[in-house]
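I opened a notebook on this structure and went through it one topic at a time. These are my entries, in the order I made them.

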Amino acid sequence: MPHKFPFAGRYASYTVFGMCSVFFVLQSLLVLHAVWELGDGESAWSALLERFENPLYVMYHYAAFAALVYTGIRFFFKLFAKSQPPRIGPLRRPPLALFPPLLGAAWVAATVAFLVVLWGIVP
Amino acid sequence: MKRLILKFEPVIWFSFGGGFMVGCLLLPAYVFVTGIAAPLGWLPADALAYERAHELGASLAGRVLLLVLIVLPLWNGANHLRHVLLDFGGQARDEAMATLLYGLAAACSVLALIAVVRL
């Protein structure tokens, strides 16, 4: 094991990025749970929304939100461009500098669209 | 089991990348609305009412979106977690951990399909 692993130098952000994967698993399972309750009817759905008011759930969601945003920032703005091959079939990769603003714009657009629908602004 | 996992590695890594895209693009907004704004009372009264939520979720686009929102980040998390455990624990337990994590992802993917169909 390298002597700086896991929390010294550049390993710190690498390790934190890896740990955030726990929230990907947990949040997926929670979305599955929510969809299942939605299929069970109104009382199950209302009970789920009430459970989400529990302070432990709220604290979990704050942590999950932070982990997902951190992962998004690292993935979109630090890793994605570097991981693209120089060519995909006949197509050349666009200049690396294009990727962060394009991905950032996509992130903002997707977030706004999702918020607008879930918030009830669009009926 | 190790050979089976190796056979499916391309699909797993494809889901890993897709999971990052879907998870990072959509999950923060979902978590903010359902897990933070709703419990704190910031949403309009009927934003997450059952009738509205069911209508959104049970549409074709809603079902596909919910399925993708569950499955891709789940496989991403499972694969990423497997490699975190590899970093910390080495190769000795990799087969067992991979079986457990990918097995969980596979089982929950089937449950996700059932969940969206039964909406």
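**Entry: burial.** I began with a cut-off: a residue counts as buried under 20% relative accessible area, as exposed over 50%, and as partly exposed in between. The model is predicted, so I kept the confidence limits in mind: local features need pLDDT of at least 70.

I looked up Leu38(A) first. It is found in helix α2 of chain A. Is Leu38(A) buried or exposed? Its relative accessible area is 4%, so Leu38(A) is buried. I then asked which residues Leu38(A) touches, leaving out those up to four places away in sequence. Leu38(A) and Ala109(A) lie 71 residues apart in sequence, and their C-alpha atoms are 27 Å apart in space.

**Entry: Ser28(A).** I stayed in helix α2 of chain A, where Ser28(A) also has its place. Its relative accessibility is 0%, so Ser28(A) counts as buried. What does Ser28(A) touch, not counting residues up to four places away in sequence? I found Leu69(B), Ile70(B), Pro73(B) and Leu74(B).

**Entry: the contact between the chains.** How many residues does the contact take from each chain? Chain A gives 54 and chain B gives 55. The area buried between chain A and chain B is about 4,900 Å². Carbon and sulfur atoms give 79% of that area. I noted three residues here: Phe114(A), Leu118(A) and Trp119(A). They supply 14% of the area that chain A buries against chain B, more than any other three residues.

Next I looked at polar links. Between chain A and chain B I counted nine residue pairs in polar contact, with both residues at pLDDT 80 or more. Which helices of chain A supply at least two residues each to the side that touches chain B? I listed α1, α2 (21-40), α3 (42-51), α4 (55-79) and α5 (99-118). The largest share of that side, 15 residues, comes from α2(A).

**Entry: salt bridges.** I searched the whole structure and found five salt bridges over all chains. One pair crosses between chains, from Asp40(A) in helix α2 of chain A to Arg118(B) in the segment after α4 (94-117) of chain B. Across the interface of chain A and chain B the rule finds one salt bridge. In the pair of Asp40(A) and Arg118(B), the closest N and O atoms are 2.4 Å apart. Side chains of opposite charge can pair when their charged atoms come close. I checked how open the two ends are. Asp40(A) has 40% relative accessibility, so it counts as partly exposed. Arg118(B) has a relative accessible area of 31% and is partly exposed.

I moved on to chain B. Lys2(B) and Asp94(B) meet through their side chains in a salt bridge, at 3.8 Å from N to O. Lys2(B) sits in helix α1 (residues 2-37) of chain B and Asp94(B) in helix α4 of chain B, 92 residues apart. Lys2(B) is partly exposed, at 36% relative accessible area. Asp94(B) is buried, at 4%.

Asp94(B) has another partner. It forms a salt bridge with Arg82(B), where the closest N and O atoms are 2.8 Å apart. Arg82(B) is in helix α3 (residues 60-89) of chain B, twelve residues from Asp94(B). Both Asp94(B) and Arg82(B) are buried. Which residues do the shared partners join into one network? I wrote down Lys2(B), Glu9(B), Arg82(B) and Asp94(B).

**Entry: a surface patch.** Phe7(A), Val16(A), Met19(A) and Phe88(B) form a nonpolar patch on the surface. Together they have about 360 Å² of accessible area.

**Entry: a peptide bond.** Most peptide bonds are trans. I checked the bond from Phe5(A) to Pro6(A): it is cis, with omega near 5°. Pro6(A) has its place in the segment before α1 of chain A.

Notes. Residues numbered from 1 in each chain as written. Chains lettered and ligands numbered in written order. Heavy atoms only, no water. Patch = residues over 30% accessible without salt bridge, like charges linked within 9 Å, V, L, I, M, F, W, Y side chains within 5 Å. Areas by Shrake-Rupley, 256 points an atom, 1.4 Å probe, with all protein chains shown as cover. Salt bridge = Lys/Arg side-chain N within 4 Å of Asp/Glu carboxyl O. Contact = heavy atoms within 4.5 Å. Buried area = accessible area lost by both parts, 1.4 Å probe. Polar contact = N/O pair within 3.5 Å; in protein donor to acceptor, adjacent residues only side chain to side chain. Helix = DSSP H or I, 4+ residues; strand = E, 2+ residues; numbered from the N terminus. Buried < 20%, exposed > 50% of the residue type's maximum accessible area, 1.4 Å probe, protein only.
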